[in-house]
Amino acid sequence: MTAIGAELLLQTEIGAGLLPQTAIGAELLLQTEIGAGLLPQTAIGAGLLLQLGLGALAVVSGLMAAPSLRSRAGGILCTLLAVTGLATGLGALLGATGGLLIPIALPMDPLVLAPDRLGGLFMLVVSGVGILVSLYSMSSTRGADASRTAWVAMPVFLVGMQLVPAATDSVSFLLAWEIMTLGSTVLLLADHASRATVASASIWYSAMSQLSFFFILAGFAVLAAASGGTSFTSLQAVEPGSWPANLAFVLLLLGFGGKAELVPLHVWVPRVLPEAPSHVSAAMSGAMVKIGVYGGLLVCVRLLPDGPPWWGIAIMLVGGVSALYGILQASVSSDLKVLLAYSTTENMGLVFLGLGASMLLRGFDATAAADAALVAALLLTISHAAFKSTLFLGAGAIIHATGERNLDRLGGLGARMPVTAAAFGIASLGAAAIPITSGFVAEWMLLQSLIHGGRLDGAVVSVAASVAMPLAVAVIALTAGLALLTFVKAYGIAFLARPRSAAAADAREVPRLMQLALALGALFVLALGLLPGPIAALVAHTVSSNPTTAVQSVGLGGVSLPGIGAVLDPIMLVVLSALVAIPVIVSIIVSARRHPHRTVDLPWGGGGSRARPRMQYTATSYAEPLVRVFDDVLKPSRDVQVTHVAESRYLVERVRVEQRVSDIFETRLYRPVLNLLQRYGIVVRHLANGSIHRYLSYSFVALLIVLIVVSL
Amino acid sequence: MFEAFYPQLIGLCTGSLLLTSALMVWRHSLLASIRLLALQGMALAALVAVIGIAEGEPELVLVSLLIFSVKGVGLPWVLAHQSKAAVKQIQESPRLNPTAALLAVTLLTILSYVVVSRVFGLGDSVTGHAAPIGLAMVLIGFLLLISRRRARSQLIGFLMLDNGIATLAFLTSGGVPILLEFAVSLDVLLVVLILHVFAGRMRTKFGGTAVDQLRELHD
């Protein structure tokens, strides 16, 4: 079915790309339903068509362009593709309707691509990340990143991601989903020749994405069987409390949770995101993971709203565990990209925590708090897209400049790569949820809704909520603290102090276009943090039935939650703190001027004159206390090797310490299952031993059995 | 005149089809099998011709000529296309001894009668009564396929299976359109040619075409 669909879509692409004004192109335009809405309807449809056309053009240019031009051409076309997606998404977010109708011969509901407001929001997020990634990857001119395969897969990946939120029926949803997975897998594989770990990562990624796909397919199938149609409107007809709805909910949660990197389906994350080229990691973590979130919202907000309370509690549980586990692993990791990958799990865990809380609260009629929690989850999604793609691109810049991603061998990059350092720093602030960045606004709003959510007009809404909410607050508090430590480590060890290796000492600033992408990303992080009001109000329109009572914009871009009675105005905060800080700074400078600068050589340098880079804190030593505190959860394995000088027992030549923190879900959950499968495979090998006679006998016996059974 | 002979002619043709099938299972010599296959092809062509004349369709007579040239002459010639002496020497050592194989043929024939009469009904027509022969040929061909070790003997089993399908088609529905029949015949010829070349390559490479020794090639 997928193959047929892909072919159809390919036809659409060709139709869109080469002959937009012919019958094929015209046929695809959705017929307008209301005369008044003619212009916006065709605008969205034209936007989608343009995306498909640009995608096809980018694929062709990736195939045809000369190696010297390939990156430029592909990058420009991908940027244009993402900009088109951004415009289309913005249009849909602002309320424009319309789309594309893909006619099919199969007996099911037609394939319609028509993003609603929520879909528009996610299209906006995904294509925003797409712009950063395309700009960034344009400057790579050799190696696997600039290969033909990579530049063919890139537009496929982007188009797939931008079409998933536009789908309004399960078939086109799954189709776009598979296009997205296909593109990302190929992009991941692009570098397989130079590193063996990439192959292993690809196998994990393919297996886990197919598992996700299977769950989603099964979930949609259950809903479709219960409702008798494949379009989302007919799937909505399923009663949320019925058993098909419960089954579908669990299946879909597993499927989308796998894509959104939730525990325990996150095992691909620490393998794939570090091994993929950095701009691909940025696209995966910044954009593709958001599609998983979109799937979760699709199920919980659009398809099966008003589910039983245990749905909300299940989502909160999964989200909470993911958040804690992700940030714990991130905080002890000394590999920069593994750290960022696990931090993605943490952030997605928080998003799902917010989503679950909103479902739980909505079930108890605490609408204001529920809306606030949902808006907070969406804001966290948007801000995560901004800061995590910037962070991954920053990590890519570090790898570009030094070839290292092990924090223990970095250091001192701040002076050598100022633009990267600034962008990475701002994005780190966002990831650590420090005020005036985007992460802070989202976590603040989530906390507000959780704190105020347990009570409605002073009365406790339910026992479940009054137990769950304080626990959720505790989880967020712990993750926020650990996130702060994690990103202090990431930024401090990489960019401050002295270089810990020759590669770090020789680092140079990356090319202009990479700097541009990084700066844009950092700008997004700041803008989302400084102007949360208008953005939150816009976001509230996508999910709330009554957006103005849920979230309002106040003051200079501040945000207010009227239902809860909480107000946040970051710009006022900045102005106020500036009013306090400026006199203090001025007085310090003035008093410093009054006393001339003195240089005193200490007689023995206080030990400082002989300090070597190796004496500095490293990422591992910085995280050591954490490893000790969370020893029971993380189960690290330590290996100390002492080499003695010749025969002496007391003189040590060198000490080698190795500490490994493995993923307990992988060792305790996946390994046993995989071993079991392997044993099954060995047993089954006797049944399928390669003898053609045996296989023919199987089919003969099967045929005879069928004949005997039908004639009975 | 013809009407009186018609049931006998049909019975003769289908009977010879079944007989050649059973003999193919019994005989171990490759040359004998190929000759029996040629006989079977001719019997099939005769069957088609009889049906065509009885139903007054000249097209079927054309088909019967096609079948005669492909299945009665062409395919056996391709299979025996080697020095007669070499083919004569090839003796199959099947995985099933002749007695057991003939017993299996009997059981399969009974089974196909039971299946056809229970599932489809034998009907009133002469051809309907003969239809189980086609299914029996399919099953016997399959039996040959799994009990023979050499690639070329297996090929003969495969061809008998194809003959069985064709017989069933002609007996139950008066055959398939000529274009389809033509295409299928060409297809089978092509398959046989490819497999023949393949078997030749196998012989030069491994010194034999015993298929059950090929299992080490997997993985």
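**Interface and helices**

Author: In this predicted model, chain A and chain B bury about 1600 Å² between them, 76% of it on carbon and sulfur atoms. Buried area is the accessible area (1.4 Å probe) that two parts lose on being put together, summed over both. A:His693, A:Phe700 and A:Ser711 supply 39% of the area that chain A buries against chain B, more than any other three residues.

Reader: What makes a residue part of the contact, and how many does each chain contribute?

Author: Contact means heavy atoms within 4.5 Å; chain A gives 16 residues and chain B gives 19 residues.

Reader: How many salt bridges does the rule find across the interface of chain A and chain B?

Author: The rule asks for a side-chain nitrogen of Lys or Arg within 4 Å of a carboxyl oxygen of Asp or Glu, and it finds 0 salt bridges there.

Reader: Why is the length of helix 6 of chain B said to agree with expectation?

Author: A helix is a DSSP run (H or I, at least four residues), numbered from the N terminus. The expected span is 1.5 Å times one less than the number of residues; the 22 residues of helix 6 (residues 126-147) of chain B should therefore span 32 Å, and the end C-alpha atoms are 33 Å apart, which agrees.

Reader: What makes helix 6 of chain B mostly covered?

Author: Buried means under 20% relative accessible area (1.4 Å probe, protein chains only), and 20 of the 22 residues of helix 6 of chain B are buried.

Author: Residues are numbered from 1 along each chain as its sequence is written, and chains are lettered from A and ligands numbered from 1 in the order in which they are written. Local features need pLDDT of at least 70, side-chain atom pairs count only at pLDDT 80 or more, and totals for chains, interfaces and linings use all residues, while side-chain values use heavy atoms, with hydrogens and water left out.

Technical notes
Helix = DSSP H or I, 4+ residues; strand = E, 2+ residues; numbered from the N terminus. Buried < 20%, exposed > 50% of the residue type's maximum accessible area, 1.4 Å probe, protein only.
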